[in-house]
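Good morning, and thank you for making time on the agenda.

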Amino acid sequence: MSRTAFIFPGQGSQYCGMGRDFYEKYETAREVYALAGKASGLDVAALCFEEDERLHITEYTQIAMLATEVAVLKVMEQEGFRADCCAGLSLGEYGALAAARVMELEDLFRLIRRRGIYMQEAYPVGGAMTAVMGLSADTIREICCETPGTVSIANDNCPGQIVISGEEKAVQAAAQKLQEAGAKRCIPLKVSGPFHSPLLAGAGEKLAAELEGVAVQDPVIPYLCNVEALPVTDCTRVKELLARQVSGTVRWRETMERMLAEGVDTFVEIGPGKTLAGFLRRIDRDARVFNVEKTEDLEKLKTLCTG
């Protein structure tokens, strides 16, 4: 039996104009952007559609990305598309929460706004992230452990691409050792903080406090969480997992491998860019994956499904 997963990208895929065509064509999308604005106190539509340097600053990027992902998701649901499970990379996990209907959208938008602020403020200077190409996770983990200072795996994206994060000097030292160990490349990333590292534990604690007052319910479809790469089917652990995710490793490769092992044969990346599709093809070159970031993508998918 065919099984479909909705997957949602994380920070870095944003661009000016994302979601505009959905906003212009569908009232459902306009309602989502309006709700995101109400929950965050920002003009989220303007943030997404007009030239604004804030779009690339974490505390604004996250609400803009999530609003766009949810707008596209809600239009897809309106058009009759359904998934059997879902997942999202880093902030994209909140898109998965929307698909699984774990909490009210207004609460979700309020949370992602606070998450962005907490992550931006947690470690304003001295942090770094570097993408490591061509080494195994075990080798990278071992070298990070041997390196003085704080440096660890932030994202295990796909075979041959892992991101390390931590104190700038420790990340640089680890990158040097990793190149000596045979890494094809070590690419410093342009980020505003050492995300998904122990240095952001304080942001996770603040988010946990924010989550205390939020109502959650059992997912209507399973979503796979970043920190364990396992399906979440009841609401009792949602808050703990989201708080841990801020400073924990995003286990994306394992998440996709788990979905494939459980019979998912069709993946739909919802939102800006094709990053997750690229990762997935490196995990399983035969994976069937579609991207929906433009209304024309949705029309093509509708044609494929009805044709």
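**Salt bridges, helix pairs and selected residues**

Arginine 244 has a relative accessible area of 36% and is therefore partly exposed; the scheme calls a residue buried under 20% relative accessible area, exposed over 50%, and partly exposed in between, with a 1.4 Å probe and protein chains only. Before I continue, please note that this is a predicted model, in which local features need pLDDT of at least 70 and side-chain atom pairs count only at pLDDT 80 or more, while totals for chains, interfaces and linings use all residues. Residues are numbered from 1 along each chain as its sequence is written, and side-chain values use heavy atoms, with hydrogens and water left out.

Let me stay with arginine 244. Which residue does the side chain of arginine 244 meet in a salt bridge? The partner is glutamate 240, at 3.0 Å from N to O. By salt bridge I mean a side-chain nitrogen of Lys or Arg within 4 Å of a carboxyl oxygen of Asp or Glu. Both residues belong to helix H10, which spans residues 238-245, and they sit four residues apart, about one turn of the helix. Helices here are DSSP runs of H or I with at least four residues, strands are runs of E with at least two, and both are numbered from the N terminus.

Glutamate 240 also forms a salt bridge with arginine 237, with an N to O distance of 3.2 Å. Glutamate 240 is partly exposed at 36% relative accessible area, and arginine 237 is likewise partly exposed, at 31%.

A further pair lies in helix H7. There, arginine 141 is bridged to aspartate 138, and their closest N and O atoms are 3.2 Å apart. Because these two residues are three apart in helix H7, about one helical turn separates them.

I turn now to helix packing. As a general point, two packed helices are described by the angle between their axes and the distance between the axes.

Helix H7, residues 137-146, and helix H8, residues 168-180, have axes that come within 9 Å and cross at roughly 135°. The axes are lines fitted to C-alpha atoms, for helices over the stretch in contact, and angles run from 0 to 180 degrees between N-to-C directions. The angle makes H7 oblique to H8; angles under 35 degrees count as roughly parallel, over 145 as roughly antiparallel, 65 to 115 as roughly perpendicular, and the rest as oblique. The crossing of H7 with H8 is right-handed, the near helix being turned clockwise from the far one by less than a right angle. On the H7 side the contact involves Ile140, Ile143 and Glu146, and on the H8 side Ala174, Lys177 and Leu178, where contact means heavy atoms within 4.5 Å. By class, this contact has four nonpolar, no polar and two charged residues. Ala, Val, Leu, Ile, Met, Phe, Trp, Tyr, Cys and Pro count as nonpolar, Asp, Glu, Lys and Arg as charged, and the others, Gly among them, as polar.

The second pair is helix H6, residues 105-122, with helix H9, residues 201-211: their axes come within 9 Å and cross at roughly 155°. H6 is therefore roughly antiparallel to H9, and their crossing is right-handed. From H6, Leu111, Arg114, Arg115, Tyr118, Met119, Glu121 and Ala122 meet Ala203, Lys206, Leu207, Glu210 and Leu211 of H9. The classes here are seven nonpolar, no polar and five charged residues.

Finally, I draw attention to two buried residues. Glutamine 62 lies in helix H4, residues 58-78, and counts as buried at 0% relative accessibility. Setting aside neighbours within four places in sequence, glutamine 62 is in contact with Gln11, Leu91, Ile112, Arg115, Gly116 and Met119. Alanine 99, in helix H5, residues 92-100, is buried at 6% relative accessible area.
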